[in-house]
Amino acid sequence: MLRLKSETRPHHERTEALVRLLDADLTPSAYGHHLEALLGFYAPLEAKLASLGLDSVAGLSIQTRWKAHLLEADLRAFGHDARSLARLPRCEDLPALPGVPEALGCLYVLEGSTLGGQLILRHLRRHFEGKPSGAFAFFTAYGDEVGPRWRAFGEAINQASELAADEAFDARVVSGAQETFDAYAAWLRQEQAHAVLSA
Ligand code: HEM
């Protein structure tokens with residue numbers, strides 16, 4: 001976990017800079033578009049992750065970590081229904097994730113984002129007080145359990161690394177995380193450019 005943190009720091013910084021949800025002038029519509037972009041990344045990525053054998057990783061509880069359905073719940077508050085949700089664009093340049101180690105690195109990125117997500121949640125609640133903006137299901141995700149869920153994830157990933165006892169395994173986890181950060185940033189950049197052009 002320490003290696004993941006240090007070797008993805010610049011990737012985190014680049015991705016974080018693209019998230020405008022802490023802006024003082026954030027509008028409900030911009031928040032809604034951000035949720036649409038997130039669904040376009042999470043839905044295909046979680047589907048891909050679900051086919052990669054993560055159920056076999058001890059302590060991961062992968063089935064309890066999916067979040068695309070939370071984005072869908074938030075988007076329904078913005079007037080979306082099943083049909084319009086299905087029509088939203090989906091990212092096609094997902095990280096390659098050739099095996100379980102890369103999938104773990106990818107999951108590290110998605111899980112870690114629940115930490116910064118707590119800051120975002122506090123901001124959204126204050127910023128949109130009294131305005132219709134949904135229940136923030138995605139950013140609330142684990143509720144009061146963010147810390148324990150993150151520690152459990154860290155233990156599972158450290159344990160998988162100890163079990164493999166192989167430098168190449170760890171290097172693959174890190175590259176899966178870096179590639180995921182980069183794909184996430186590229187997708188946000190693309191969706192933001194699209195939103196500006198169609199505004
Ligand atoms: C405005 C946007 C963001 C802010 C302000 C932010 C802020 C933070 C903060 C403060 C932490 C450290 C929390 C702690 O140690 O308790 C953190 C950790 C992390 N964030 Fe973000 N973040 C943002 C966006 C993202 C995004 C979009 C992703 C994923 C694509 C992400 C992935 C991670 C990861 C993986 C960690 C764990 C680092 C580690 O300790 O290993 N963050 N973030």
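Tutor: The model is predicted, and local features need pLDDT of at least 70, side-chain atom pairs count only at pLDDT 80 or more, and totals for chains, interfaces and linings use all residues. Residues are numbered from 1 along each chain as its sequence is written. The helices are DSSP runs of H or I with at least four residues, while strands are runs of E with at least two, and both are numbered from the N terminus.

Two packed helices are described by the angle between their axes and the distance between the axes. Helix H6 covers residues 100-127 and helix H8 residues 146-164; their axes come within 10 Å and cross at roughly 160 degrees. H6 is therefore roughly antiparallel to H8. An axis is a line fitted to C-alpha atoms, for helices over the stretch in contact, and angles run from 0 to 180 degrees between N-to-C directions. Angles under 35 degrees count as roughly parallel, over 145 as roughly antiparallel, 65 to 115 as roughly perpendicular and the rest as oblique.

On the H6 side, the residues that meet H8 are Leu104, Tyr108, Glu111, Thr114, Leu115 and Gln118. Their partners in H8 are Val146, Trp150, Phe153, Ile157 and Ala160. Contact here requires that the C-beta atoms of two residues, placed from the backbone, lie within 7 Å. By class, the contact of H6 with H8 has 8 nonpolar, 2 polar and 1 charged residues. Ala, Val, Leu, Ile, Met, Phe, Trp, Tyr, Cys and Pro count as nonpolar, Asp, Glu, Lys and Arg as charged, and the others, Gly among them, as polar.

H6 also takes part in the shell around the ligand, where it supplies the largest share, 8 residues. Helices H1 (2-7), H2 (9-16), H6 and H9 (167-198) each supply at least two residues of that shell. Of the 18 residues around the ligand, Lys5, Gly112, Ser113, Leu115 and Gly116 come nearest; a residue is near if its C-beta atom, placed from the backbone, lies within 6 Å of the molecule or strand in question. The shell divides into 11 nonpolar, 5 polar and 2 charged residues.

Beyond H6, phenylalanine 136 lies in the loop between H6 and helix H7 (137-140). Most residues other than glycine have a negative phi. Phenylalanine 136, however, has a positive phi near 55 degrees. Phenylalanine 136 counts as buried because it has 20 C-beta neighbours inside 10 Å. A residue is buried with 20 or more other C-beta atoms within 10 Å of its own, exposed with 12 or fewer, and partly exposed in between, the C-beta atoms being placed from the backbone.

Alanine 152 lies in helix H8 and is partly exposed, with 16 such neighbours inside 10 Å. Alanine 152 and serine 61 are 91 residues apart in sequence, and their C-alpha atoms are 9.2 Å apart in space. Serine 61 lies in the loop between H3 and H4. Serine 61 is not a glycine, yet its phi is positive, at about 50 degrees. With 14 other C-beta atoms within 10 Å, serine 61 is partly exposed.
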